[in-house]
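Hi,

Here is the structure I promised to pass on.

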Amino acid sequence: MTQLVGIIGNPLAHSISPFFQQAAFDYLNISARYEMWPTRRNEFYQNIKKLFGVEYLGANITIPYKEEVIKYLDDLDSKAKLIGAVNTIVKKNNKLIGYNTDAFGFIRSIESKSDFCFEGKKVLIIGAGGAARSAIFSLIEKGIKSLVIANRTLERANNLAEEISEFVQLEISDLESLYFQKLVGESDLIVNASSVGMAHTTLNSKNLIKADWFSSKSLVFDMVYNPIVTPLITEARKAGAESINGLSMLIYQGASSFNLWTNKEAPIQIMTNAAEKALKVL
Ligand code: NAP
């Protein structure tokens, strides 16, 4: 029997997970297929329930469902529970267990692509959804000094802030004020954990930060991986700031999901090659 895994979210046109996960299954001769399951809100519960079918190994969960999915799961891994966001479901003994591999992918990506030292640093994170949560909890664990959460919807940023205010020096910002511009210039690490800049959406050419707001000493991390060079990364480069796009995070979080589904070591280089190839055609 061919086993099935897939990605549940909306929109999914930008997703390259099927390409690199399938490459990993094929490389290790595992009889499994990774599918795309675009899911509108009214189909969400039904698509989660489908995972109880005998052929399903689990799923990835992406925008906008990483927080909402929790209520449909039987149990959560301790990290997913702490973060409050799930990007991976594994079926074990006919129970759906939620994991968060984004947090690991985020930190592993920064550590492999730069010599940034987290301790004592000022961080600005844009976004307050599932991806932002994953990054924030891992940044706190790494010992950052202070954090600003900047989000379009301030209420969502405030809700997240309430959960973490005892662990880190914290501020909230909008995305349009002069104060936001000032924060950009003062931050050691700036992370885009919003959907702004994503290909195949109306946000593809939207940019939140202009080059002259950056300090050239900042590290800029864009979780968006499609396109490879996002509007934010273009501006960071103009400012002479070091930048990392979301591709390596995607591969590391995906490799960790793969390990959970298969109990096998993920072939990172095979996955990276397949992802880079997919991005050229998507
Ligand atoms: P989510 O839970 O749906 O959150 C989306 C975030 O984007 C929210 O903060 C939302 O603000 C903000 N946003 C949406 N449209 C906006 C706009 N027009 N202007 C300003 N802000 C806007 O999604 P998520 O799961 O956190 O994912 C966020 C992004 O991270 C996506 O691009 C996703 O592909 C990327 N990601 C990448 C990786 C990776 O491995 N590289 C992993 C996870 C996620 P509001 O609260 O105001 O709606």
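What volume does the largest pocket have? The volume is about 1,100 Å³. Before I go on, note that this is a predicted model, in which local features need pLDDT of at least 70 and side-chain atom pairs count only at pLDDT 80 or more, while totals for chains, interfaces and linings use all residues. Residues are numbered from 1 along each chain as its sequence is written, and side-chain values use heavy atoms, with hydrogens and water left out.

**Pocket and cavity**

The search ran on a 1 Å grid over the protein atoms alone: a pocket is an open set of points with protein on both sides within 12 Å along at least five of seven lines, a cavity is a set of points where a 1.4 Å probe fits but cannot get out, and lining residues have an atom within 4 Å of a point. Points are joined across faces, edges and corners, and a volume is the space filled by probe spheres set on them.

Back to the largest pocket: 47 residues line it, and I63, A193, S194, S195 and M198 are the closest to its centre. Three elements, β3 (56–61), α5 (130–141) and α9 (247–262), each give two or more residues to that lining, and α9 gives the most, with three. (Helices are DSSP runs of H or I with at least four residues, strands are runs of E with at least two, and both are numbered from the N terminus.) By type, the pocket lining splits into 22 nonpolar, 17 polar and eight charged residues. Here Ala, Val, Leu, Ile, Met, Phe, Trp, Tyr, Cys and Pro count as nonpolar, Asp, Glu, Lys and Arg as charged, and the others, Gly among them, as polar.

The largest cavity has a volume of about 60 Å³, and its lining consists of I126, N192, V196, K206, N207, L208, D222, P231 and L232. Those divide into five nonpolar, two polar and two charged residues.

**Salt bridges**

I get eleven salt bridges in the whole structure, taking one to be a side-chain nitrogen of Lys or Arg within 4 Å of a carboxyl oxygen of Asp or Glu. The pair to look up is E67 with R156, at 3.2 Å from N to O. E67 sits in the loop between β3 and β4 (75–76) and R156 in helix α6 (residues 154–164), so the bridge ties together parts that are 89 residues apart in sequence. E67 is partly exposed at 26% relative accessible area, and R156 is partly exposed too, at 41%. (Buried means under 20%, exposed over 50% and partly exposed in between, with a 1.4 Å probe and protein chains only.) Both residues belong to a network of salt bridges that links E67, R133, R156 and E163.

E235 and K238 form another salt bridge, with their closest N and O atoms 2.8 Å apart. They are three residues apart in helix α8 (residues 231–238), which puts about one helical turn between them. E235 counts as buried at 13% relative accessibility, whereas K238 counts as exposed at 58%. There is also R33 with E35, at 2.9 Å between the closest N and O atoms.

Most residues other than glycine have a negative phi, and most peptide bonds are trans. Two bonds to check are cis: N10 to P11, with omega near 5°, and N226 to P227, with omega about 10°. P11 is in the loop between β1 (3–9) and α1 (17–27), and P227 is in the loop between β11 (219–222) and α8.

Then look at the loop between β5 (88–92) and β6 (95–99), where N93 is found. N93 has a positive phi, near 50°, and is exposed at 78% relative accessibility. N94 lies in the loop between β5 and β6 as well; its phi is also positive, near 60°, and N94 is partly exposed at 49%.
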